[in-house]
Amino acid sequence: MKVEIEIVGLRELEDKLSNLEDKLNRALAEALEEIAEKIRDDAKNLAPVDTGALRKSIRVEKEGKLQFSVVAGGGGVVNPKTGREVDYAIFLEVGTRRMSPQPYMQPALERNRAEILRIVKDKVLKVFR
């Protein structure tokens with residue numbers, strides 16, 4: 001007696017699993033970039049404004065395949081009052097002996113904490129659909 005078993009959908013499963021690592025890395029990179037851009041946008045909205053140079057200096061920098069940073073200061077942005085590149089971003093965030101903190105980065109991160117998980121989850125699950 002001969003028994004044959006046919007697995008329906010095996011080809012589709014093989015297709016989905018091929019290059020899974022690359023697909024997941026792309027999905028995570030998209031998620032991380034989207035998250036960084038959201039944090040950047042909120043930090044810009046929360047940053048204290050005198051000349052607007054600090055806001056202009058807040059940007060996303062890609063550090064590696066799966067590493068994005070939200071950076072404030074530098075970046076070639078010059079404060080029109082001082083004529084110097086923005087070098088005071090950290091002092092506004094954490095304060096000094098003479099100045100109270102005016103945080104904008106930490107609150108931007110906190111505002112997006114729930115979104116971080118949702119975005120990563122959505123992008124990763126999309127790989128398996």
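Author: Here is a walk through that helix pair and its salt bridges.

A word on the model comes before the details. This is a predicted model, in which local features need pLDDT of at least 70, side-chain atom pairs count only at pLDDT 80 or more, and totals for chains, interfaces and linings use all residues. Residues are numbered from 1 along each chain as its sequence is written, and side-chain values use heavy atoms, with hydrogens and water left out.

The two helices are α2, residues 20-46, and α6, residues 113-127. Helices here are DSSP runs of H or I with at least four residues, numbered from the N terminus. The axes of α2 and α6 cross at roughly 155° and come within 9 Å of each other. Each axis is a line fitted to C-alpha atoms over the stretch in contact, and the angle, between N-to-C directions, can run from 0 to 180 degrees. Because of that angle, α2 is roughly antiparallel to α6, a label for angles over 145 degrees. The crossing of α2 past α6 is right-handed, meaning that the near helix is turned clockwise from the far one by less than a right angle.

Now for the charges. A salt bridge is counted when a side-chain nitrogen of Lys or Arg lies within 4 Å of a carboxyl oxygen of Asp or Glu, and the structure holds eleven of them. One joins Lys123 to Glu30, with 3.6 Å between the closest N and O atoms. This pair links distant parts of the chain, since Lys123 sits in α6 and Glu30 in α2, 93 residues apart. Glu30 counts as partly exposed because its relative accessibility is 45%; the class lies between buried, under 20% relative accessible area, and exposed, over 50%, using a 1.4 Å probe and protein chains only.

Salt bridges also form a network that links Lys38, Glu115, Arg118 and Asp122.

Two further pairs complete the tour. Asp41 bonds with Arg40 in a salt bridge whose closest N and O atoms are 3.0 Å apart. Asp41 is partly exposed at 37% relative accessible area, and Arg40 is also partly exposed, at 22%. Arg113 meets Glu110 in a salt bridge of 2.7 Å, N to O. Here Arg113 is partly exposed at 46% relative accessibility, and Glu110 is partly exposed with a relative accessible area of 39%.

Note on methods: Angles under 35 degrees count as roughly parallel, over 145 as roughly antiparallel, 65 to 115 as roughly perpendicular and the rest as oblique.
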